[in-house]
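Trainee: I want to learn how to read helix packing and sheet layout. Can we work through a case?

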Amino acid sequence: MDKRLPVRVARPTRFLERLPPPPTALPRWKIGITPPDLSPWIRGNCGIPGVMHYEGRSPGPHTVCVSLIHGNEFAGAIVLDRLLRERIRPRSGRLSFIFANPEAMHQFNPDDPTRARCVDEDMNRVWSPAMLESERTSHELDRARALLPVILTADRLLDLHSMLWPGEPLLLSGMSGPGRKMARQIKGVPLSVADNGHRNGCRLIDHPRFNGGPHPAAACLLEAGQHWHGDTVTRAMQAVLSLIGPCCRLPVKATGGTLPRRHMVVTDVVTARTGMFRFVTPFPSGMVLPTGGTLVAHDGSDEIRTPYDRCMLVMPNLRPARGHTAVRFARAVPAESDSPATGQ
């Protein structure tokens, strides 16, 4: 690995320079798709609302596809709805389709599309055993507890998401070997990224079931493209079919798409320490900066710089809240490498 440079460089400022700049307006997003009608599936068929579960005639793995962890990311729900209407069934093993947070999706308003992300809190930060076993309650946390019996029996899990800001579609896995191997076998996106998650909560794919425990279960998170774009639905469909076809011995039609060609490992997660985190330019996700030490952002008075040459910016959040992930820095690794990331 190249010689590392510091990611955060503190710079003294005068008092007036510490005052937050006036907030900038969010872009007006193009809404190219609409939320699906999930009324046939809301009750579920296995005792858990929003879960459709099917059993094959011969033994095999339990494959789980999850949509609507975030209510405004409904491209994945469109895919699962279409497959259910086509009466797709596994020949072997078990297949579960989950609509995780339809209540959030029902709040979707094209005039303010980001507000439907959740009801009470981010559902992709509540999956640690300590959180799930705590006495705290919220809509998303209670819903995660209801879905947990399905999660705890999954052998392969694909969590379907999309992105608010522009960038290259990608597959995220944890650092476990099964998850990274699974990410290399799913079609539809050119890039796989392994990381250790976020500091402000545990993602579904980071649950201990998929994180190097006694079971060789694997999980990936698909960022299929920008929210509300038709091509995002197409990529999500390619990914789902490329997973459930081999796992469930389904004679699915050719999905198109390619396997990931580039593989990255996150070495540094930059968390916004102030409400004044600002990128020097609106970097797209997947952009590679050739020179270490390149200025990327200001966090209050601090400078955020790339720690090494050929550094990829993974999913920059152009409007991060204090305490939330602002950007991840990643380096390339060979496709067969399972070595852990280094750095902070």
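Mentor: Start with a helix pair. Ala75, Ile78, Val79, Arg82 and Leu83 in H1 meet Thr232, Val233, Ala236, Met237, Val240, Leu241 and Ile244 in H6. Contact means heavy atoms within 4.5 Å. Helices (H or I, at least four residues) and strands (E, at least two) are DSSP runs, numbered from the N terminus. By class, this contact of H1 with H6 has 10 nonpolar, one polar and one charged residues. Ala, Val, Leu, Ile, Met, Phe, Trp, Tyr, Cys and Pro count as nonpolar; Asp, Glu, Lys and Arg as charged; the others, Gly among them, as polar.

Mentor: Two notes on the source. The model is predicted: local features need pLDDT of at least 70, side-chain atom pairs count only at pLDDT 80 or more, and totals for chains, interfaces and linings use all residues. Residues are numbered from 1 along each chain as its sequence is written, and side-chain values use heavy atoms, with hydrogens and water left out.

Trainee: At what angle do H1 and H6 pack?

Mentor: Axes are lines fitted to C-alpha atoms, for helices over the stretch in contact, and angles run from 0 to 180 degrees between N-to-C directions. Here the angle is about 55°, with the axes 9 Å apart.

Trainee: Which strands does H1 lie across?

Mentor: H1 (residues 75-85) lies across E2, E3, E4 and E5, at about 130° to E4. H4 (residues 139-151) also touches E2, E3, E4 and E5, and its direction makes about 170° with that of E4.

Trainee: How do strands of a sheet pair?

Mentor: Through backbone hydrogen bonds, either parallel or antiparallel. Two strands pair if DSSP finds at least two bridges between them. E7 (residues 191-194) and E9 (residues 262-271) pair in the parallel sense over four bridges. Val193 stands opposite Met264 in E9.
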